[in-house]
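Hi,

Here is the structure I promised to pass on. Have a look first, and my notes follow below.

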There are 2 protein chains.
Amino acid sequence: MNNDFINIEKLISVFSTDFEKTLISFLPKALFFSDKLDKAMYYVVKVGGKRLRPLILSEISSILGIKKENSDRVAAGIEFIHCYSLVHDDLPAMDDDDLRRGHPTCHIKFDEATAILVGDAFQSLAFEIISHEKTHENSEVRCNLINELAKSSGAEGMVGGQMLDLEAEKKTLTLEKIFQLQRLKTGELFRFSCIAPCILAEKYEELQVFENFSSKLGLAFQIKDDLLDVEGNILEVGKKTGKDHKQGKETLVSLLGIENAKKKSKDLIEESIKIIEPFGEKAKNLIDLANFIISRNK
Amino acid sequence: MNNDFINIEKLISVFSTDFEKTLISFLPKALFFSDKLDKAMYYVVKVGGKRLRPLILSEISSILGIKKENSDRVAAGIEFIHCYSLVHDDLPAMDDDDLRRGHPTCHIKFDEATAILVGDAFQSLAFEIISHEKTHENSEVRCNLINELAKSSGAEGMVGGQMLDLEAEKKTLTLEKIFQLQRLKTGELFRFSCIAPCILAEKYEELQVFENFSSKLGLAFQIKDDLLDVEGNILEVGKKTGKDHKQGKETLVSLLGIENAKKKSKDLIEESIKIIEPFGEKAKNLIDLANFIISRNK
């Protein structure tokens with residue numbers, strides 16, 4: 001394991017510990033006579049995760065000179081959208097997962113109705129946070145962020161991708177269709193993480209650069225996720241592995257083959273790094289993060 | 001049946017036919033290789049409803065001199081939030097309803113996974129529409145609308161109320177607690193419908209007036225809903241009736257008694273009308289609408 005890898009694991013760990021406090025600060029407090037919803041939202045946040053999307057957003061925000069108090073709010077917004085999508089995806093009617101990051105999923109720990117409502121509440125919370133004047137003094141910027149996040153997460157973004165993914169279990173898909181599916185399901189939120197700092201900085205000329213970066217990074221991330229599903233160990237990955245294969249579902253890996261998939265993800269990461277190298281020393285963490293995405297074992 | 005009642009039924013019918021076209025214009029078009037999500041969203045919109053929240057919003061917007069092209073977008077936003085809440089509430093893990101307005105509910109017509117995703121997509125769509133510059137030239141106004149709608153629909157609003165309602169099936173509640181529950185579950189979206197036009201008009205001094213109006217109207221609406229559950233006929237109401245009673249669930253009606261509940265809702269409507277009477281002739285439709293809320297049989 002080289003030094004860069006140790007550094008990035010430390011960065012992720014320090015960031016996620018700090019960022020968890022940010023997330024918790026935005027959660028609703030117990031209201032009236034029931035605190036079940038609040039407890040369930042808190043549980044989902046505490047189960048944690050690598051907080052990759054907020055970290056990418058924060059690193060690009062640093063490059064562009066955005067204040068942490070502003071980028072943290074948008075990062076919380078995207079993480080709450082990500083949290084809601086995981087809670088809903090884990091439901092019995094969807095992917096039916098009992099385990100997430102080694103812990104019982106929300107509907108197992110609480111119940112299905114609570115999990116549905118937790119997801120719904122996380123989504124509203126994301127937009128509530130970003131619309132607030134503390135996110136940016138310019139309300140035009142806040143509206144742009146909300147519009148992009150809503151598109152990225154809705155029917156023509158993440159939710160549309162999840163629908164295609166469910167349909168994919170019953171169809172034979174070409175590689176091109178799987179690329180489309182993954183661009184929506186995973187790519188769109190990665191895209192938002194990468195362009196949100198440009199919107200916050202009102203540097204619209206950088207938007208295309210970071211959009212390109214995100215499309216390569218997002219696809220590499222998805223290929224690695226599929227590889228972990230094939231090769232990963234349940235204890236390390238923290239959720240059921242081999243699931244796609246068991247369902248006879250085609251993935252980028254089943255169509256490309258393991259070796260080609262590894263090569264493709266490596267190429268994509270190299271291309272993504274080339275895009276951000278011009279930012280020099282300031283992009284170091286982001287480059288390490290890109291390398292980490294295909295080296296991780298969970 | 002008096003003339004006012006005939007007029008308001010006509011107004012509701014004309015408005016809902018016209019407004020359905022507005023809603024459909026905002027729906028996503030089939031993407032890539034699956035149009036199941038789009039078809040399911042279209043189905044939910046077509047199954048319809050009285051569009052009471054958009055109509056109230058539109059009527060108050062007329063009183064305050066807002067252009068239809070602006071108020072229509074906010075009205076679509078609140079209706080999509082309402083649609084998502086109905087689709088999710090009907091799920092087996094929640095209220096488990098097979099029928100809505102005389103038609104199969106979304107998870108019956110399609111499947112549970114689709115219904116979960118349809119709800120999620122409707123929620124994003126609401127915020128996407130309102131954040132767009134076409135909603136209002138002043139982005140501060142758009143951000144205020146989004147912030148209010150997110151709070152009204154989230155954990156400290158509608159979703160929180162729905163959670164309390166599910167919990168209520170297992171508890172004995174006081175009348176005060178049921179008032180709190182209903183204020184969140186139904187009242188918050190009514191409140192948004194009534195204050196959104198004040199935000200659009202940037203007439204913040206009228207906000208308190210319409211907030212007062214909404215709190216009385218929302219509660220009267222809920223009492224009438226509970227009365228319909230006790231006294232209504234499944235063919236007229238279009239969904240299962242007698243459900244709350246069967247579940248041993250306490251409602252405003254079970255605690256107040258039928259006669260007191262009828263009186264309470266009538267008093268609330270009279271009080272709500274007094275609040276808007278100063279607007280004179282311009283408030284006529286809104287007054288008829290308030291009266292309709294407790295006279296309706298579905």
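**What I found**

The two copies meet through the same surface, because 100% of the interface residues of chain A are also interface residues in chain B (contact means C-beta atoms, placed from the backbone, within 7 Å). Before you read on: this is a predicted model, where local features need pLDDT of at least 70, side-chain atom pairs count only at pLDDT 80 or more, and totals for chains, interfaces and linings use all residues. Residues are numbered from 1 along each chain as its sequence is written, while chains are lettered from A and ligands numbered from 1 in the order in which they are written.

On symmetry, chain A superposes on chain B by a 180° rotation with 0.0 Å of shift along the axis, RMSD 0.0 Å (least squares on C-alpha atoms of residues with pLDDT of at least 70 in both). The copies are thus related as by a two-fold rotation axis. In chain A, A:S139 has the C-alpha nearest that axis, at 2.7 Å.

Just after α9(B), B:E202 has a positive phi of about 50°.

Finally, A:H82 sits in helix α4 of chain A and is buried, with 21 other C-beta atoms within 10 Å. Beyond its neighbours within four places in sequence, A:H82 contacts A:R53 and A:L189.

Cheers

Notes. Helix = DSSP H or I, 4+ residues; strand = E, 2+ residues; numbered from the N terminus. Buried ≥ 20, exposed ≤ 12 C-beta atoms within 10 Å, placed from the backbone.
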